[in-house]
Amino acid sequence: MEKYNWDLTKIFKDEKEYLDTLNTIKNNIKEIINYKGKILSNSDNLFSLLELDSETDKLITKVYVYSYLSYYSNTANSKYQEYKEQANDIYNSYASCTSFITPEIQSVSLDEINKMIDSDNRLLKYRFMILEIFRLKKHILSEKEESLIKNISSVLNTSDEAYTALNNTDIVLSNIKDENNNSVKLTASNYSKYIKSSNERVRKDAFDSMISFYKNHINTISQLYIGSVKKDCKISEIRKYNSTLEAGLYGDNISTNLYNTLIKVTDNNLNLIKEYYDIKSRVLKRKLHMYDTYYNIASCDEKNISYEEGVELSNKALEVLGSDYIDKFNYLINNNCVDVYPKDNKRSGAYEWGCYECNPYVSLNYENNVDSVSTLIHEMGHAMHTYYSNKNQEYIYANYPIFLAEIASTVNEILLSEYMFNNTNNIDDKIYYLVEFLDKFKATVYRQVMFAEFESIIHDKCDKNEPLTKEILCDTYYKLNVKHFSPSVIVDDDIKYEWARIPHFYNSFYVYKYATGFISALVIAEKLINKEPGFKEKYIEFLSSGSSDYPLELLKKLGIDLTLESTINDGFKVFEDKVNLLKKYMDEKGV
């Protein structure tokens, strides 16, 4: 039904408007080039150039989002593949032709630029952006070198593009038999359903089927990932960073100390995840295998929750955010901004993407279970963050940094979890929601930090010119699983291939932000639930802030300082308290 699908005509009403916009962009690029060598001649030139560049970038983002959302809705459609290539081409052309702007602005001192800004009020809105340009100065190359890198950017992304095609279009998983012994087609979308099955055989078959695909393609995927890592390392070296990790964090103004502290504090709390898995082992009356870790040990059936019921639950859980938030939430839900159900050749997983002056879009692969509701409210958290930022910030500051991107979504998930837990008196249901929360914490903190450590180890080897092979990739990943989960879990040998199914590895040093986002979200959700005076308004202001300041500074306005070990430890204290509560309920049941 149409109400369950995107309406991308709200971005471009037809192909003519799309093509006309491409032409406008091309004309704007020609006009921008005319400013070369003249940007700093006077404040009028600087302002006019920045305005034109901002408008052009906004149109390119619109084309890019439209093209990729079309492609992601059907990755086998040749027309959409062409759209995607057009978007890449126009972006690369823009990036190459405008590569002179940053070096030219950096050709004078910051004091001179500040004087120009102070003399022309129109330029005040660009001050923070220009300060950022100067912060990056030591890592910016000459105009010629910047142009060269941008010209080959599409080539540098080949590994990512090839992996995306393999992981979404070419992936074929073997059929498995469900709990009723019926043959079912396993997909990336319904895998989460079967890996949580109460039937051990189904869980194992789903795990084996999924891992088999990546095991059978491990040579190809290893080369793709090694190529991506080498690209990261070479760009880091060219831009004179001390390490690839530093390069990956520099854009958000994040110190490598925070990254390493996150890993250290997680390592110090591994006893808690092992304690949690010991509880699961008690229920199953045997030691867990890797394919058992997702199983909810509550003695109640999987909840069957329709999409409409999921929306209703989300509304109730989010009431603490106020009527304005709820109204905007439902406006997006009811205006074809959500693509709800799985389809052939649709991109797997779930995500949100938007462009300025258009509503954000959310893609789900809804499977009528609690996890699907959690995914819905998570992705709508992203959408609301985008909506508020776009409505309250100039285009240049509307796009909030990735470091903050997982916070709003995770706040929503935590609010849902607390709502479900507090609105049942059934002990089995309470256990169910507790386990759902603990598994979410495991997936978002423990697991993502393990991924982050994997990335750090592999990139460090590359930085040191050590060889990278599929054996090294698999062995590194296997040892990390042993460290995180053994001896409470039998670390099955085939888990060593699991790294090959993680698409975020092609966007280096992204995954740790899930963990910092979750820890930040725990603090925010607690303050919202406790109705701390004035905090709801502060939080909406945070959602409206975009990239108007550095991410750690925006979080400090909410009373969250992620540079402190104590802040990260507080997150694990919540996990510990929930584990102890689970123990209490299990003892009451005599398990």
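Me: What is the relative accessible area of Leu558, and is this residue buried or exposed?

Reply: This is a predicted model, in which local features need pLDDT of at least 70 and side-chain atom pairs count only at pLDDT 80 or more, whereas totals for chains, interfaces and linings use all residues. Residues are numbered from 1 along each chain as its sequence is written, and side-chain values use heavy atoms, with hydrogens and water left out. Leu558 is placed in the loop between helix H25 (551-556) and helix H26 (565-588), where helices (H or I, at least four residues) and strands (E, at least two) are DSSP runs numbered from the N terminus. Since buried means under 20% relative accessible area, exposed over 50% and partly exposed in between (1.4 Å probe, protein chains only), Leu558 counts as buried, its relative accessible area being 4%.

Me: Which residues does Leu558 contact, leaving aside its neighbours within four places in sequence?

Reply: Contact means heavy atoms within 4.5 Å. With neighbours up to four places away in sequence left out, the residues in contact with Leu558 are Ile524, Lys527, Phe535, Lys538, Tyr539 and Phe542.

Me: How is Glu104 placed, and which side chain of opposite charge is nearest to it?

Reply: Glu104 belongs to helix H4 (residues 101-105), and beyond four places in sequence it touches Tyr35, Lys36, Gly37, Lys38, Ile39 and Leu40. A polar atom of its side chain lies 3.2 Å from the backbone nitrogen of Lys38. Glu104 is buried yet has no salt bridge, a term that requires a side-chain nitrogen of Lys or Arg within 4 Å of a carboxyl oxygen of Asp or Glu. With Lys and Arg counted as positive, Asp and Glu as negative, and His and the chain ends not counted, the nearest side chain of opposite charge is 7.3 Å away and belongs to Lys36.

Me: How far apart in sequence are the parts tied together by the salt bridge between Asp267 and Lys483?

Reply: In the salt bridge of Asp267 with Lys483, the closest N and O atoms are 3.1 Å apart. Asp267 sits in helix H14 (residues 256-268) and Lys483 in helix H22 (residues 470-485), so the pair joins parts whose separation in sequence is 216 residues.

Me: Which helix holds both partners of the salt bridge between Glu132 and Arg135?

Reply: The closest N and O atoms of Glu132 and Arg135 are 2.8 Å apart. Glu132 is buried at a relative accessible area of 16%, and Arg135 likewise counts as buried, at 18%. The two residues are three apart, about one turn of the helix, and both lie in helix H6 (residues 127-135).

Me: How many salt bridges are counted in total?

Reply: One of the pairs joins Lys346 to Asp339, with the closest N and O atoms 2.7 Å apart, and both of these residues are buried. Elsewhere, Lys196, Asp371, Glu413, Glu436 and Lys440 are linked in a network of salt bridges. By the rule given above, the count of salt bridges comes to 48.

Me: What is the relative accessible area of Phe509, a residue with positive phi?

Reply: Asn465 has phi near 60° and is found in the loop between helix H21 (427-463) and H22, where it counts as exposed at 72% relative accessibility. Phe509 has phi near 55° and is placed in the loop between S7 and helix H23 (512-529). Phe509 is buried, with a relative accessible area of 1%.

Me: What is the radius of gyration of the protein?

Reply: The protein has 26 helices and seven strands. The radius of gyration is taken over C-alpha atoms, and the globule rule is 2.2 Å times the number of residues to the power 0.38. For 591 residues that rule gives 25 Å, and the protein is close to it, so it is as compact as a globular protein of that length, with a radius of gyration of 24 Å.

Terms used: Polar contact = N/O pair within 3.5 Å; in protein donor to acceptor, adjacent residues only side chain to side chain.
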